[in-house]
Amino acid sequence: MAKKTVRDIEVNGKTVLVRVDFNVPMEGDRITDDNRIRQAVPTIETLIEKNGKVVLFSHLGRVKEEADKKGKSLAPVSEALSEKLGKKVTFIGETRGEKLEEAIKNMKNGDVLMVENTRFEDVEGKKESKNDPELGKYWASLGDVFVNDAFGTAHREHASNVGIATNTDVVAAGLLLEKEIKFIGGAVENPERPFIAILGGAKVSDKIGVIKNLLTKADMVLIGGGMSYTFMKTQGLEIGTSLVENDKLDLAESLLEQAKGKLVLPSDFKVTKEFDKDADFRIAGKEDIQKDEMGLDIGPKTLEDYQEILENAKTVVWNGPVGVFEFDNFAKGTLGILEKLSNLEETTTILGGGDSAAAAISLGYEHKITHISTGGGASLEYLEGKSLPGIDCVDEL
Ligand code: AMP
């Protein structure tokens, strides 16, 4: 069902509480990846144009005790946002109280204000993260309308998303949340076919739910990365010292059975004797990995086969690098998949958040992929077919 979005709501002169996901990586006061800030701008600009008073809420990192607050203030983020919007963002270093309430009361139409890190409320008994009913009610009392644009937190039921929504009459999705629903939700529910999934990353155990769900939805699931070797071991193949989860062998075997040929494993690998960026390597077929070797990337034949399968795809979802892409020598597979996806002009290409998304952005492929998700955990849970509380709490149209 379609959700109400910022385009559908009347905000003229109203105080609009907006949950964004500004949980950005930082080194000191420096933001090292501002993707999430850039992606929130269209929603904020829309609300400004519609004459709303925009009050932003976000978390930043984890805060368990007073000492954790150090370096977790949203002040630097509000400065970065101000630059991107080309207008003042008033930052209030509080999560409640008179100073915040007064500042909100004094806002004019089109003004933007940012509240301090919502997780500062976790110091007093995890009020934010446990969706304390009083906190959600209090924050809701500061505004008239609620907009959720924080996809990265949509798999969590927190006071600053579900709590505010429960206590607000009008709840709409921001444009980023709408985009995530359209692409990830759309791929899982109603993909244009052929629908091909590529799953990589370190472990099978992190992606069991995703593999299970996508096996029922996708036409083919291409496997790469560290998780390949657990599947191979169940087939009696030698995997040397490659990454393996011995407690997941039965599960991997049953997934392979359930897949009935839909699950495709690599046929060759780049193998090495040491986990090192400068280690010597060679290409080994799947029956040719030696006891003292580990696979750190898919091989050229596998890349070629995967690229050929992708050529005809209409929808592609990718989560997790197919090799140790942090080492140049073992990044070829991941780069080759990226290159292929970026050349598929008629195909909807979607990257789940996390490492493959970060790699795509840092390697300059951002604008060649249809949608790069801003959620790591959230995109995985969405791909598992779970319903997300941060989406469920938004009004239907
Ligand atoms: P994930 O967070 O599960 O998507 O995993 C990403 C990590 O998996 C990256 O840091 C990769 O270096 C790692 N990875 C990918 N392929 C392999 C492999 N063959 N052996 C060990 N680690 C791998």
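Helix 12 is followed by glycine 364, whose phi is positive, near 90°. Helices here are DSSP runs of H or I with at least four residues, strands are runs of E with at least two, and both are numbered from the N terminus. Helix 12 itself covers residues 355-362. Within helix 12, Ser356, Ala357, Ala359, Ala360 and Ile361 are buried. Buried means under 20% relative accessible area, exposed means over 50%, and partly exposed lies in between, with a 1.4 Å probe and protein chains only. The cover over these buried residues includes helix 1, strand 15 (315-319), helix 11 (332-342), strand 16 (348-351) and strand 17 (371-372). Contact means heavy atoms within 4.5 Å.

This is a predicted model, in which local features need pLDDT of at least 70, side-chain atom pairs count only at pLDDT 80 or more, and totals for chains, interfaces and linings use all residues. Residues are numbered from 1 along each chain as its sequence is written, and side-chain values use heavy atoms, with hydrogens and water left out.

Now the overall layout. The protein is divided into domain 1 (6-178) and domain 2 (191-383). These bounds come from an automatic or database domain assignment. The centres of the two domains, taken over C-alpha atoms, are 35 Å apart. Domain 1 gives 10 residues to the contact, and domain 2 gives 12 residues.

A polar backbone atom of alanine 202 is 3.1 Å from an oxygen atom of the ligand. At glycine 295, a backbone N or O atom lies 3.1 Å from a ligand nitrogen atom. At glycine 226, a backbone N or O atom lies 3.2 Å from a ligand nitrogen atom. On its own, the ligand has 510 Å² of accessible area, and the protein covers 81% of that. Accessible areas come from the Shrake-Rupley method with a 1.4 Å probe; for residues, only the protein chains shown count as cover.

Turn to histidine 59. It lies in the loop between strand 4 (53-57) and helix 2 (75-85). Histidine 59 is buried, with a relative accessible area of 4%. Its side chain makes a polar contact with the side chain of arginine 19 at 3.0 Å. A polar contact is a pair of N or O atoms within 3.5 Å; within protein, one must be able to donate a hydrogen and the other to accept it, and residues adjacent in sequence count only if both atoms are side-chain atoms. The histidine 59 side chain makes another polar contact, with the side chain of asparagine 23 at 3.4 Å. Leaving out residues up to four places away in sequence, histidine 59 touches Arg19, Asp21, Phe22, Asn23, Asn117, Thr118, Arg119 and Thr153.

Glutamate 121 also sits in a loop, between strand 6 (112-115) and helix 4 (133-141). At 5% relative accessibility, glutamate 121 counts as buried. Threonine 95 is 26 residues away from glutamate 121 along the chain, yet their C-alpha atoms are separated by 7.3 Å. Beyond four places in sequence, glutamate 121 touches Thr95, Arg96, Lys126, Lys127, Glu128, Leu135 and Trp139.

Asparagine 131 lies in the loop between strand 6 and helix 4. Asparagine 131 has a positive phi of about 50° although it is not a glycine. It is buried, with a relative accessible area of 17%. Asparagine 51 has a positive phi too, about 65°. Its place is the loop between helix 1 (35-49) and strand 4. Asparagine 51 is partly exposed, at 33% relative accessible area.

Two backbone stops remain. The peptide bond from arginine 193 to proline 194 is cis, with omega near 0°. Proline 194 is in the loop between helix 6 (175-189) and strand 9 (195-199). Leucine 249 belongs to helix 9 (residues 249-259). At 21% relative accessibility, leucine 249 counts as partly exposed. Leucine 249 and threonine 230 are 19 residues apart in sequence and 6.2 Å apart in space, C-alpha to C-alpha.
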